[in-house]
Amino acid sequence: MEKKNIDWSNIGFGYMKTDKRYVSLYKDGKWDGGTLTEDDKITISECAGVLQYAQTIFEGLKAYTTEDGRIVTFRPDMNASRMADSARRLEMPVFPEDRFVEAVAMTVKANAAYVPPYGSGATLYLRPYMFGSNPVIGVKPADEYQFRVFCTPVGPYFKGGAKPITIKVSDFDRAAPHGTGHIKAGLNYAMSLHAIVTAHEEGYDENMYLDPATRTKVEETGGANFLFITKDNKVVTPKSDSILPSITRRSLVHVAKEYLGLEVEEREVLFDEVKDFAECGLCGTAAVISPVGKIVDHGKEICFPSGMEDMGPVTKKLYETLTGIQMGKIEAPKGWLKEIM
Ligand code: PLP
Ligand code: COI
């Protein structure tokens with residue numbers, strides 16, 4: 001199969017229309033058989049549940065070309081399961097988890113020419129999503145839904161790739177206690193738009209959100225979980241009911257313990273402790289592991305000893321091991337890579 005003529009090494013994290021996308025419709029209490037389509041446009045009622053009451057959820061995962069030329073996705077079953085959790089929380093019908101994995105595979109296969117080559121630094125980002133499509137005017141769940149998957153080749157989420165970023169401690173919250181912070185609902189991201197635009201205007205790359213109840217504990221950013229490394233090389237990652245359970249973070253916890261022999265603490269992390277860590281990074285599908293060099297709390301700077309030039313040494317080992325597994329250079333734990341072709 002011939003690849004598209006794309007300057008793979010210089011693409012950013014943006015949308016590029018690819019050839020095919022997957023669509024399945026839910027009506028009269030059941031999902032149809034689903035199909036691939038070339039049509040990238042959607043026509044729905046002006047009163048659709050998604051447009052009026054933001055009844056929409058999504059997922060994000062990637063397809064990779066391995067060193068030996070296969071195309072694989074990374075733990076798609078985990079995304080299927082998280083999307084099912086998101087659907088239940090927003091009173092949407094669950095798209096069956098095995099069909100989710102199959103729809104992802106079909107979308108990747110149909111767009112194989114867009115899967116970036118091994119070593120290019122780019123990957124194919126997959127975006128499964130679901131929304132209420134029929135008219136809803138009283139506040140209630142829709143009766144009809146669309147489940148879709150599109151894909152787009154992407155480069156690094158943060159400009160500069162592996163260069164450490166600067167983060168602002170936000171005055172806004174992205175989630176409420178007992179709210180929807182733990183699911184991947186579009187509304188969480190709408191909530192974060194003013195905060196991210198404000199942070200960017202002030203020269204920061206991202207926001208650190210604190211726990212909405214007490215504002216003393218570290219939560220996450222708008223699109224990634226935090227990882228910290230202590231001065232004695234322990235990995236510490238915040239535990240909270242209002243953050244998204246990142247698949248990258250859960251994978252890194254395993255990698256740290258089982259591949260690198262590091263001690264890992266998943267626990268509440270007080271903001272007051274952050275100044276004592278040696279390294280900090282953001283982890284997620286889009287972010288992979290993006291090093292954080294500096295956190296600014298209302299003018300007070302926390303500068304990590306790892307500096308603003310390079311990833312810290314432990315973060316780097318985690319990054320290399322995880323991406324090595326994803327690209328087939330390091331043996332993956334059983335079930336982590338799903339071979340597409
Ligand atoms: N936190 C938020 C708010 C996110 O949007 C994401 C991205 O999906 C993550 C964390 C990282 O999750 P994952 O590693 O499953 O991509
Ligand atoms: C992902 O990492 O897949 C996300 O959904 C994060 C988003 C901010 C791009």
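1. A residue counts as buried under 20% relative accessible area, as exposed over 50%, and as partly exposed in between (1.4 Å probe, protein chains only). By this scale Lys163 is partly exposed, with a relative accessible area of 37%, and Glu309 is exposed, at 53%. Accessible areas come from the Shrake-Rupley method with a 1.4 Å probe, and for residues only the protein chains shown count as cover.

2. This is a predicted model, in which local features need pLDDT of at least 70 and side-chain atom pairs count only at pLDDT 80 or more, while totals for chains, interfaces and linings use all residues. Residues are numbered from 1 along each chain as its sequence is written, chains are lettered from A and ligands numbered from 1 in the order in which they are written, and side-chain values use heavy atoms, with hydrogens and water left out.

3. The structure contains 18 salt bridges, a salt bridge being a side-chain nitrogen of Lys or Arg within 4 Å of a carboxyl oxygen of Asp or Glu. One of them joins Lys163 to Glu309, with the closest N and O atoms 2.6 Å apart. This pair links distant parts of the chain, 146 residues apart: Lys163 is in the loop between strand 8 (145-154) and strand 9 (165-169), and Glu309 is in the loop between strand 16 (300-303) and helix 6 (313-326). Helices (H or I, at least four residues) and strands (E, at least two) are DSSP runs, numbered from the N terminus.

4. Two further salt bridges can be located by residue. Asp68 and Arg70 meet through their side chains at 3.0 Å, N to O; Asp68 is exposed, with a relative accessible area of 56%, and Arg70 is partly exposed, at 24%. Glu301 and Lys294 form another, at 3.4 Å, N to O.

5. The largest nonpolar core has 38 residues, of which Ile57, Phe100, Val108, Leu126, Met130 and Phe147 touch the most other members. A nonpolar core here is a set of buried Ala, Val, Leu, Ile, Met, Phe, Trp, Tyr and Cys residues joined through side-chain atoms within 4.5 Å. Among the elements that each supply at least two residues of this core are strand 1 (21-27), helix 2 (76-89) and strand 7 (123-132). Helix 3 gives the most, with six residues. A second, separate core of 22 residues includes Phe158, Val169, Met208 and Val236.

6. Taken alone, ligand 1 exposes 380 Å², and the protein buries 97% of that.

7. The residues around ligand 2 include Phe13, Phe58, Tyr125, Arg127, Lys184 and Ala286. An N or O atom in the side chain of Tyr125 is 2.6 Å from an oxygen atom of ligand 2, and a backbone N or O atom of Ala286 is 2.8 Å from an oxygen atom of ligand 2. Taken alone, ligand 2 exposes 290 Å², and the protein buries 89% of that.

8. Lys184 deserves a separate entry. An N or O atom of the Lys184 side chain is 2.8 Å from an oxygen atom of ligand 1, and a polar side-chain atom of Lys184 is 2.7 Å from an oxygen atom of ligand 2.

How values were computed: A polar contact is a pair of N or O atoms within 3.5 Å; within protein, one must be able to donate a hydrogen and the other to accept it, and residues adjacent in sequence count only if both atoms are side-chain atoms. A residue is near a molecule or strand if one of its heavy atoms lies within 4 Å of it.
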